[in-house]
Amino acid sequence: MLTMSSYLELFGLFVLLMLPFLYETNHIFRYYFKFMIYYGIVSFNAIILIPAFLTRPCDVRNLLWASTWCHRVTALIGLRWELRGKEHLEKDRACIIVANHQSSLDVLGMFNIWHVMNKCTVVAKRELFYAWPFGLAAWLAGLIFIDRVRGEKARDTLNAVNRRIKEQRIKLWVFPEGTRRNTGELHPFKKGAFHMAIDQQIPILPVVFSSYCTFLNDKKKILNAGRIVITTLPPISTEGLTKDDIDQLMERVRGQMTETFKQSSAEMLQRYKSHKPIPPTVVNGAEAVAAAVANSSGYAQLHVGAAASASYETYKSSASSKAAMLKTL
């Protein structure tokens, strides 16, 4: 006669046997499973590292320890990061890093290059602090949490931080778009990072992540294997600039980042198309740069035709004229 423990063992065995099948055949399951692995490992590492962080609380060098452990998630969920312009990122100097923000996967990309940045911290919304154990570990690692609702309080926090990063030659990472959006383009910037750079006369360092749209679609719950280029552009000096120059500086930085985003994203599309011969899939360019369709190997499949060899803008224009349709498994 089977006991309750026997039933539980059989059920557990059934679940284990079903996992590979669901992972290979259901893109929605694969999407949630990969993010569960990502968040789960990061949270577990946070618990492990909190005692070590307590030996030097709020020290930005703690983030090097975190990245050493957490960057390994990359291989587990099938992503590859390629860093360009490393020489700009590794210099020992204070600067404001401004980067485009597409997904929480951006943090995973940062983990993969933190050893190059060395002393670097991040401006994050205060709500993340309450996502324990990650929030507590992040605070002990020197992250800067700001209250975006109370603008004056946020400015006071950033002003205090600004003086410290210049004195200690710390890089401060900011997402000037504010909210993450995986739409295949850069959105308008907020002025905070540019105020900080001009206040302390320290350079702006633009960092651009190529589009995630070839492997990630949050609306359709698709997360496949993919490759991302992280491009660090030459620093932009703020010496001699005043508050009156903020708008011009912001547009200059955004213009350079947009051009780099287009170029690196078009390159990834070209590589993506040449991954292996595939049957055509219709693309909705208005929704994203490209739409991903999973096959059994876990790679996204995309058909862009002759537009793939053209520029990013040409590709988007061509794709937008096609039927607005994304094939899934």
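These legends walk you through close-up views of a predicted model. Residues are numbered from 1 along each chain as its sequence is written, and side-chain values use heavy atoms, leaving out hydrogens and water. In this predicted model, local features need pLDDT of at least 70 and side-chain atom pairs count only at pLDDT 80 or more, while totals for chains, interfaces and linings use all residues.

**View 1. Strand E2 (residues 95-99) is mostly covered.** Here 5 of its 5 residues are buried (under 20% relative accessible area, 1.4 Å probe, protein chains only). Strands are DSSP runs of at least two residues, and helices of at least four (H or I), numbered from the N terminus. In a regular strand the side chains alternate between the two faces of the sheet. On one side of E2 you can find Cys-95, Ile-97 and Ala-99, and on the other Ile-96 and Val-98.

**View 2. Strand E2 runs parallel to E5 (residues 171-174), joined by 4 bridges.** Strands pair if DSSP finds at least two bridges between them. Look for Ile-97 opposite Trp-173 in E5. Strand E6 (residues 204-209) also pairs with E2 in the parallel sense, over 4 bridges, and there Ile-97 stands opposite Leu-205.

**View 3. Glu-82 forms salt bridges with Arg-227 and Arg-271.** A salt bridge is a side-chain nitrogen of Lys or Arg within 4 Å of a carboxyl oxygen of Asp or Glu. The closest N and O atoms are 3.1 Å apart for Glu-82 and Arg-227. Glu-82 lies in strand E1 (residues 79-84) and Arg-227 in strand E9 (residues 226-232), so this pair ties together parts 145 residues apart in sequence. For Arg-271 and Glu-82, the closest N and O atoms are 3.2 Å apart.

Technical notes:
Buried means under 20% relative accessible area, exposed over 50%, partly exposed in between (1.4 Å probe, protein chains only).
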